[in-house]
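Colleague: I would like to learn how to read contacts, ring pairs and helix packing in a model. Please take the features one at a time.

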Amino acid sequence: MIETVRVSQKARDQLILLKRRTRIPNWNTLCRWAFCVSLAEPHPPTAHHIKTDSSVEMTWKVFGGAHAEHYWALLKQRCRRDGIATDNNTLAHYFKLHLHRGIGYLAGDRELLSVSQLLDRVGGDPGSFSAS
């Protein structure tokens, strides 16, 4: 499994914006939402190098909480569906791609101003977070 979850400086700035908008105080909660939003997107994330150069980091256990194994299983299943290898290095990279795509989707939704709006968006059409 992934030991430490780290994000880029850009993602950190986007998470700060999301914390301010939604009043969700914890990085791990926002990151979980972002990861799930990305998984709901039908197309795989674009493969590219992400420099995880910010001060935001957490253990995998903190990221996933009581459901850490479920998030891991979701990641593996998504990799299989997308025809991607499921070795630990590939899974870690693919997780990072999903996490950052999801953070970008959430931060890019200028109408997302509360937890209730986040729930409405996620409960509705996951495609509504697609990058524009």
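Modeller: Start with contact, which means heavy atoms within 4.5 Å. Keep in mind that this is a predicted model.

Colleague: Which residues does K76 touch, not counting residues up to four places away in sequence?

Modeller: K76 touches T86 and L91 under that condition. K76 itself lies in helix α4, residues 68-81.

Colleague: Is K76 buried, partly exposed or exposed?

Modeller: K76 has 25% relative accessibility, so it counts as partly exposed. Buried means under 20% relative accessible area and exposed means over 50%.

Colleague: What does S8 touch, not counting residues up to four places away in sequence?

Modeller: S8 touches I50, K51, T52, D53, S54 and H100. S8 is placed in the loop between β1 (4-6) and α1. With a relative accessible area of 11%, S8 is buried.

Colleague: How far apart in space are H93 and H49, C-alpha to C-alpha?

Modeller: The distance is 8.7 Å, for two residues 44 apart in sequence. H93 lies in helix α5 and, at 34% relative accessibility, counts as partly exposed.

Colleague: Next, ring pairs. What describes a pair of aromatic rings?

Modeller: The distance of the centres and the angle of the planes describe a pair of aromatic rings. Searching the whole structure gives eight aromatic pairs. One of them is formed by W60 and F63, which are 5.0 Å apart centre to centre, with 40 degrees between the planes, and the pair is tilted.

Colleague: Why is that pair called tilted?

Modeller: Planes under 30 degrees apart count as stacked and those over 60 as edge-to-face, with the rest tilted. The 40 degrees of W60 and F63 therefore fall in the tilted class.

Colleague: How do W60 and F63 sit in the helix?

Modeller: The general idea is that an α-helix has 3.6 residues a turn, so residues three or four places apart point the same way. Here both W60 and F63 lie in helix α3 (residues 60-64), three residues apart, about one turn of the helix. W60 is buried at 3% relative accessible area, and F63 is buried at 0% relative accessibility.

Colleague: Which residues do ring pairs link into a cluster?

Modeller: The cluster holds F35, W60, F63, Y71, W72 and F95.

Colleague: What lies over the face of W27?

Modeller: K19 does, at 4.0 Å from the ring centre.

Colleague: Now helix packing. What describes two packed helices?

Modeller: Two packed helices are described by the angle between their axes and the distance between the axes. Helix α1 (residues 9-22) and α2 pack at about 100 degrees, and their axes are 10 Å apart. That angle makes α1 roughly perpendicular to α2. On the α1 side R12, L15, I16, L18, K19 and T22 take part, and they meet W27, L30 and C31 in α2.

Colleague: What is found in the loop between α1 and α2?

Modeller: R23 lies in that loop, and R23 is exposed, with a relative accessible area of 73%. R23 has a phi near 65 degrees, a positive value in a residue other than glycine.

Colleague: How do the axes of α2 and α5 lie?

Modeller: The axes of α2 and α5 (residues 88-108) come within 7 Å and cross at roughly 100 degrees. The two helices are therefore roughly perpendicular to each other. Contacting residues include A34, F35 and L39 of α2 and F95, L99 and I103 of α5.

Colleague: Which residues of α2 are buried?

Modeller: They are N28, L30, C31, A34, F35, V37, S38 and L39.

Note on methods:
Residues are numbered from 1 along each chain as its sequence is written. This is a predicted model: local features need pLDDT of at least 70, side-chain atom pairs count only at pLDDT 80 or more; totals for chains, interfaces and linings use all residues. Side-chain values use heavy atoms; hydrogens and water are left out. Rings of Phe, Tyr and Trp (its six-membered ring) pair if their centres lie within 6.5 Å; planes under 30 degrees apart count as stacked, over 60 as edge-to-face and the rest as tilted. Helices (H or I, at least four residues) and strands (E, at least two) are DSSP runs, numbered from the N terminus. Buried means under 20% relative accessible area, exposed over 50%, partly exposed in between (1.4 Å probe, protein chains only). A charge sits over a ring if NZ of Lys or CZ of Arg is within 6 Å of the ring centre and within 35 degrees of the ring normal. Axes are lines fitted to C-alpha atoms, for helices over the stretch in contact, and angles run from 0 to 180 degrees between N-to-C directions. Angles under 35 degrees count as roughly parallel, over 145 as roughly antiparallel, 65 to 115 as roughly perpendicular and the rest as oblique.
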